[in-house]
Amino acid sequence: MSHTDPDVVAVRELPPGVPDPSDESVSRTWRLMTGRRPAPARVWSRLLVPVTAAAMVVGLAVGAAVVFRPGGLSFGAGGGPSDEKTSEPNLAPPSPEAVAALKAMASTAASIPTTVPPIASGQYVFVHHDGWVVDAGASSESATVEKQDRSYWFDPNGMLLRGVRFGDDPADLGNDANVPPGEVGRSVEVPTPEWLAQLPTDPARLVEVLRGAMDKDAPWSIDHQVWSEMQDFYLKCDLLLSTEVRAALLTAFTSLRGITSSEITIDKRRLVAIRHTERGIGDEILFDPTTGRAVGRRTVDVDSDVTLDPSSPVRLDPGVGYQAIWTQKVVDELYATS
Amino acid sequence: MTTPTTSVMIEPADLAGMFDRYARDLLRYCTRRVGEQVAEDVVAETFLIAYEQRDRYDPERGGLLPWLYGIATNLLRRHRRTEIRALRALARGARSAIGVPGHDGRAAERVDAQRTVAKLSAVLAKLPRRQRDVLLLYAVAQLEYAEIAAALGIPLGSVQSSLHRARAKVRAALDEGDAR
């Protein structure tokens, strides 16, 4: 008996004419899943699965979309999504407000000379992640939030994840030791301090480098892929960016299609949220406007009608399914925090 | 199984990685059983359950994909009526589409195909639940006997006997079609 016996094949092909699952079906399934429980592991999938597959995961995480209301950006404590759908993919020009905010932060970043901390083999970039994720449950429109107090340790040789703790508990999110050594230090996905140092400081060339690393066959816009990648990139690498590269990145982003901005406040701290929206999900990188450094990220479901349970320990802006602020430092050994 | 193996291990704690690797396989299997809309719901729920119950996954008892198929198959039992109704409708539709065969060879082939669909659908609709689960995990998911046993949590011998009985009914239906 085998899987190719005629009777088995006949069963396999029943009902006749059923196509393989479409990208749209996969995307809807992802959204169903994350709507019930946003997937915090998405960040790490890009480290743990092959590049092409990972690009799809990130793509899948962004469904249709909305941009911030033109010109208006303040809704209470933070920006909220409008009900204006974008095309799929989002090819809208960057909003004037976003361009202005990015240019202002680029100027600020360029005016603050920073010294990139030396980091040697055997040392790690320690990231403390103070986050919240919304758990909407299976059908309830009243969601609870889950605290994500997490610590990550990245090997600078490829910024590969080597250690994780959830609170005080060790956690296993897999490992990315299988990244081929030849790929390390050659792309934005697996950067090294040396690779970061040689990045172009001409914004036009820099954005070419970023766009060139994306999957042109993915069903998501190149600029969306760039933005998703930058969310991960900043989490691991902001600390290691030179003054010039940090400013060039901010300027480079002004050419990304689908970018909008808002001012938000988290823990009484004023931040600028730069968002790329595509297919229903807004992915934000949160910047400190006084330094131009990236300090956090959010994911916003622009179609969400979920409201937080009144007993929620934190207030999140409408539609926010995930929010995190991070700090970074170089440490001398795995699991060290200072 | 249709998903190629790679050197990168995926674990249940990596929800996005699991989804990326296996969603299409599960959707293919579930869509054939209950249609696209219900399949998407079942597959989404499958991954969430796998993630929530990740501590229960034992790699020594089988691969991750068979484990996911097992969860999905359990969830599909909630939709048994939908599945049976769809199979009966398929059988009825195929029978009504047979009509009077034309004289050219292609028309005759189409009639034969419709007749096969009608017979197969009717047989699948009448199979006991376990036999149908085993047969579809073997035929559609293309799992091996041991993987089906792990997925459904039943002895290997039960898989073999269920599959043998189910396939005997399928072959009988196909033979009956050929004899016409």
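This is a guided tour of a predicted model, stop by stop.

**Start with chain A as a whole**

Select chain A. Its fold holds 9 helices and 12 strands. Of its 338 residues, 56% count as buried. Consider the contacts in chain A with a separation of 6 or more: residues 24 or more positions apart account for 66% of them. Now show the surface. Chain A exposes about 13600 Å², and carbon and sulfur atoms supply 53% of that area.

**Salt bridges between the chains**

Over all chains, the count comes to 23 salt bridges. Three of them are stops on this tour.

Select Asp23(A) and Arg24(B). They form a salt bridge, with the closest N and O atoms 2.3 Å apart. Which elements do they sit in? Asp23(A) lies in helix α2 (residues 23-36) of chain A and Arg24(B) in helix α1 (residues 15-34) of chain B, so the pair joins two chains. Check the accessibility of each partner. Arg24(B) is partly exposed at 26%. Asp23(A) is partly exposed at 35%.

Next, select Arg28(A) and Glu36(B). This salt bridge has its closest N and O atoms 3.2 Å apart. The pair also crosses between chains: Arg28(A) belongs to helix α2 of chain A, and Glu36(B) to helix α2 (residues 36-52) of chain B. Arg28(A) has 37% relative accessibility and counts as partly exposed. Glu36(B), at 38%, counts as partly exposed too.

**A salt bridge inside chain B**

Select Arg132(B) and Glu83(B). Their side chains meet in a salt bridge of 3.7 Å, N to O. Arg132(B) is in helix α6 (residues 129-139) of chain B and Glu83(B) in helix α4 (residues 80-98) of chain B, so the bridge ties together parts 49 residues apart in sequence. Are these two residues buried or exposed? Both are buried.

**Helix α9 of chain A and its neighbors**

Go back to chain A. Select helix α5 (residues 96-111) and helix α9 (residues 243-252). They pack at an angle of about 175 degrees, with their axes 8 Å apart. That angle makes α5(A) roughly antiparallel to α9(A). Show the side chains. From α5(A) come Leu102(A), Met105(A), Ala106(A), Ala109(A) and Ala110(A). They meet Thr243(A), Arg246(A), Ala247(A), Leu250(A) and Thr251(A) of α9(A). By class, this contact has 7 nonpolar, 2 polar and 1 charged residues.

Select helix α7 (residues 203-212) of chain A. The axes of α7(A) and α9(A) come within 8 Å and cross at roughly 75 degrees. The two helices are therefore roughly perpendicular to each other. Here Pro203(A), Leu206(A), Val207(A) and Leu210(A) of α7(A) meet residues of α9(A) that include Val245(A), Ala248(A) and Leu249(A). Thr251(A) and Ala252(A) are also among the α9(A) residues in this contact. The contact divides into 8 nonpolar, 1 polar and no charged residues.

**Helix α5 of chain B**

Select residues 105-126 of chain B. This is helix α5, where Thr116(B) is found. Thr116(B) is partly exposed, with a relative accessible area of 27%.

What does Ser121(B) touch, not counting residues up to four places away in sequence? Its partners are Leu87(B), Leu90(B) and Ala91(B), plus Leu14(A) from the other chain.

**Backbone details in chain A**

A cis peptide bond joins Leu14(A) to Pro15(A), with omega about -10 degrees. Pro15(A) is found in the loop between α1 (6-12) and α2 of chain A.

Now select Met159(A). It is not a glycine, but its phi is positive, near 50 degrees. Met159(A) is placed in the loop between β4 (142-155) and β5 (160-166) of chain A. At 0% relative accessibility, Met159(A) counts as buried.

For the last stop, select Tyr335(A). Its phi is positive as well, at about 75 degrees, though Tyr335(A) is not a glycine. Look for it in the segment after β12 (320-331) of chain A. At 33% relative accessibility, Tyr335(A) counts as partly exposed.

How values were computed:
Residues numbered from 1 in each chain as written. Chains lettered and ligands numbered in written order. Predicted model: local features only at pLDDT ≥ 70, side-chain atom pairs only at ≥ 80, totals over all residues. Heavy atoms only, no water. Helix = DSSP H or I, 4+ residues; strand = E, 2+ residues; numbered from the N terminus. Buried < 20%, exposed > 50% of the residue type's maximum accessible area, 1.4 Å probe, protein only. Contact = heavy atoms within 4.5 Å. Areas by Shrake-Rupley, 256 points an atom, 1.4 Å probe, with all protein chains shown as cover. Salt bridge = Lys/Arg side-chain N within 4 Å of Asp/Glu carboxyl O. Axes fitted to C-alpha atoms, helices over the stretch in contact; angles between N-to-C directions. Parallel < 35°, antiparallel > 145°, perpendicular 65-115°, else oblique. Nonpolar A, V, L, I, M, F, W, Y, C, P; charged D, E, K, R; others polar.
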